[in-house]
Amino acid sequence: MAFVEVKSPPPPANALSGAVADVTALARGLGVTLGYMFQKPVTIQYPEERPRISARHRGRHELERHDNGLEKCVGCELCALACPSKAIFVEGAENPPDAPVSIGERYAKTYIVNMIRCIFCGFCVEACPTEALQLKKVFELADYTRESMIYSKETLLAPAPKREATDSWMPG
Amino acid sequence: MDGLFGLDGATWDIILAVITALIKAFVIVNGLLLAFAYMTLTERKVLGRMQARFGPNRVGPFGLLQPIADGIKLAFKEDVTPRQANFWVHMVAPMMALIPALIIFAVIPLGPEMRILGQPWTWYVAKINVGYLYATAIASVGVYGLVLAGWASNSKYALLGGLRASAQVISYELAQGLAAMTALVLAGSLNLYEIVNQQVSSGLPYALYLPFGLIAFVIYVIAGVAETNRSPFDMAEAEGELGAGFHTEYSGFKWSMFFMAEYVNMINISALATVLFLGGWWPIPTDAPGFIQGLGPIVFLIKIGAFMFMFIWLRATFPRLRFDRLMSLGWKVLLPIALVNLLLTSAVVALWPLGVWPFAQ
């Protein structure tokens, strides 16, 4: 979309040339609006037409897995510490050696993100030492109840399963 | 039909004329209101396109049912009268704005007098020899609706809006009247049908009577925009300054009557400008064969449509004037130019025979 360069006009020599300049300016204004009328509207017809999402968009959280299916998250709780709005709750536990959940010594037994509190700042992603937590491009997060806005570990784990009834938030 | 029901032929002619006029009036009033409804949609769509967006396109195909949805919404909205408002004046004011707007169209000749299936047919309700005076007189009544609405609402914003509306309409009526006088002087008649007929028979609309006709036309259009309280002269309802101006305290159907009045007035001003300066159904000759004459009203409506587009275009482009600038434009620029223009036109008309324009060719 081209922007019209605005030049400040020289001061008019007399009243008549001033009037002519004014009328010319009005006509140019009319030309601008008429030009816009024949341009394609910039509107995205949202539900039918999808918006283009930036590669760096910070949307829904996702807990990543290694290729072998083990979780990247080691339950260190650094994300919860980094969170400025206290939206994340992590409860770590010892990783059982016979049936490992993560690749580390510990894993996240509980991982809860309160999407009502989350401000999508991405500090949790920056804090994560194992790159387990990612903010994805998904942005359609609206729901009908407060309870359904609290995402449990099952909801967050990749590949993102269909969201279901979730845990209650923050015991105690 | 001599002797039917014991009435003679002359009486039957009168009865038939009355019935015809009633049917025409019914069609015109409903046509104007339908035009109003779709004008709101057109305005929103054109404004949208001029702002690089779509405008309403959700209700029905291309949003074509939007006016109906709007109408249903407005009809069922709560009709609030402020506690300390004057109830009767508050109720009558919207009608005083709407009814004059609707009855002006009676004198507008949409097409040439013609014969359909051998019967004489006219495209107007009334052909009166003071047609233009009738139109301006009725239009002036319409401003009472705005003033009374502002007064009766017992609201400062509404009162200021009403005062602005009256000051503005009275100021611009002068320039508008003088510009219209130029066309009337050229035609030598106040009869709108005669005015159009002269332009059609001379083959030259008065806007092309250079330079005076064009100047008068431009002044008439500018003053017309101010008369209808349309942007950029929409002081009376300046939503950024006065809430909504004179209709701040109105809602529901009464509010929509003001809305209708504004748009029907736009149609009226467009129709009058078409009659006075664009030669009505010019270039369709008045004495053409029947089916070509039938194109007359279509040409007329196209011209009205062009004016309506101009109203929207102006609104999309220009910011609102400051009130003192509005007044100085009306009194210090348009009025003197229109006055001198009228004097010079009159001199030319007095010096050359009627219907001859020395600068035309």
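A residue is buried if 20 or more other C-beta atoms lie within 10 Å of its own, exposed if 12 or fewer, and partly exposed in between, with C-beta atoms placed from the backbone. Of the 361 residues of chain B, 45% count as buried. This is a predicted model, where local features need pLDDT of at least 70, side-chain atom pairs count only at pLDDT 80 or more, and totals for chains, interfaces and linings use all residues. Residues are numbered from 1 along each chain as its sequence is written, while chains are lettered from A and ligands numbered from 1 in the order in which they are written.

**Chain B overall**
- Chain B has twelve helices and two strands; helices (H or I, at least four residues) and strands (E, at least two) are DSSP runs, numbered from the N terminus.
- The radius of gyration, taken over C-alpha atoms, is 22 Å for chain B, close to the 21 Å of the globule rule (2.2 Å times the number of residues to the power 0.38), so chain B is as compact as a globular protein of 361 residues.
- Its C-alpha atoms fill a box of roughly 60 × 55 × 40 Å, taken along the principal axes.

**Where the chains meet**
- Eleven residues of chain B are in contact (C-beta atoms, placed from the backbone, within 7 Å) with ten residues of chain A.
- On chain B, α1 (9–50) and α11 (296–317) are the elements that give two or more residues to this side.

**Strands in chain A**
- Strands β2 (residues 88–94) and β3 (residues 106–114) of chain A run antiparallel, joined by seven bridges; strands pair if DSSP finds at least two bridges between them.
- E91(A) stands opposite T110(A) in β3(A).
- β3(A) also pairs with β5 (residues 150–151) of chain A, in the antiparallel sense, over two bridges.
- Here N114(A) stands opposite I150(A) in β5(A).

How values were computed: Contact = placed C-beta atoms within 7 Å.
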